[in-house]
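Subject: Structure handover: cavities and pockets

Hi,

Here is the structure for you to look over.

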Amino acid sequence: MSRIVLKLLNGIYGWIISSVVMVSAVYAGYSMWDNSQIYQAAENVQDQIRQLKPDEDAKGGPGFDELRALNGEVVGWLTVDGTNIDYPILQGDTNLDYMNKDVYGEFSLAGSIFLDVRNKPDFSDNYSLIYGHNMDEHLMFGDLALFKDKEFFQKNTTATVMIPGESRKYQVAAVLQISAGTEEIFNPDKWKDNLDGLGKYLEENSIWYHQQLIDLLKKSPDRMEAVSLVTCSDGSTNDRTVLILVRENPKKPQIPDTPGGGDTNGGDDSPGNGGNTTPGSNDPGNGSSGSDISGNGPKKTGDTQNRDLWMYLIGGIILFIIGFETVDRIREKRHKD
């Protein structure tokens, strides 16, 4: 009787394992196909929409009229130099509107790059917050993770936000990995008056930061503007990767002792003006050779423990299956003997 029961259990066990393997294989195949479709759709949208990128130099190329004819909720265009981030910025009625909707207004898991609804669409706030999905293959805000590498952070230091009638140059000030909902990053209202306190926060919490720009934020918070680019962090459910861009507001008094003696937006390299002050630039004579980079390096997040827990669970299940199979074979061998 016990032998019949063991054979029955063994048959059931084999059927379950075979079914699980087959279902897993089918699901894995579907997931790979579905994932490729998502990325292909995102690439297609990016290729198409870049044909309508406003002409920064106003030399007869497309303007914002063409983009807004396509979607009236386009408020700007973001370009981060050295990356594939080159997208229109949208702003919906809520922060959920463009989480899964492309610039054409169609459903898309890749979503769009969008401005927080608490910010003014003309980027007149001291602090603006822009979101995008973290995707592989250099799509959407996937390239933000590259700035966690110190060498990449040092070499890629500029970005541009175009709005109707104006092109604004920004400098990369810092990169962080922080918990979602952190007040200093995710509440634009905190910085309505000025950026007093932001420099200190970045100094204490960034992976890497340019000391010159942080010092400028701390010294003259009422003369600076900041834009945060936010996306999810790899291997983490609650953490976000954030790239901080800053610029001096040209409508406010010029800062007399800008690091390097030049224009914080890059300036030119003509004799006597102090040279280009882009942080991390290796251009001789500009007063900055990359030595201003500070920080503690990539952070280890608590969410990693969740991933480890799943690994332990999977390992435990595998060990249980192996143990059950071993015991079953030993019993069958003893029965034959």
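A cavity here is a set of points, on a 1 Å grid over the protein atoms alone, where a 1.4 Å probe fits but cannot get out. Grid points are joined across faces, edges and corners, and a volume is the space filled by probe spheres set on the points. This is a predicted model: local features need pLDDT of at least 70, side-chain atom pairs count only at pLDDT 80 or more, and totals for chains, interfaces and linings use all residues. Residues are numbered from 1 along each chain as its sequence is written, and side-chain values use heavy atoms, without hydrogens and water.

**Cavities**

There are two cavities of 30 Å³ or more. The largest cavity holds about 140 Å³ of space. Its lining (residues with an atom within 4 Å of a point) has 15 residues. Nearest the centre lie Val45, Tyr87, Gly111, Ser112 and Met140. Helix 1 (2-49) gives the most to this lining, four residues. Strand 2 (86-90) supplies at least two. Helices (H or I, at least four residues) and strands (E, at least two) are DSSP runs, numbered from the N terminus. By class, the cavity lining has ten nonpolar, four polar and one charged.

**Largest pocket**

A pocket is an open set with protein on both sides within 12 Å along at least five of seven lines. The largest one has about 250 Å³ of space. Its lining counts 14 residues, with Met99, Phe114, Tyr131, Cys232 and Arg240 nearest the centre. Strand 8 (residues 224-232) gives the largest share, three residues.

Best wishes

Definitions and conventions
Ala, Val, Leu, Ile, Met, Phe, Trp, Tyr, Cys and Pro count as nonpolar, Asp, Glu, Lys and Arg as charged, and the others, Gly among them, as polar.
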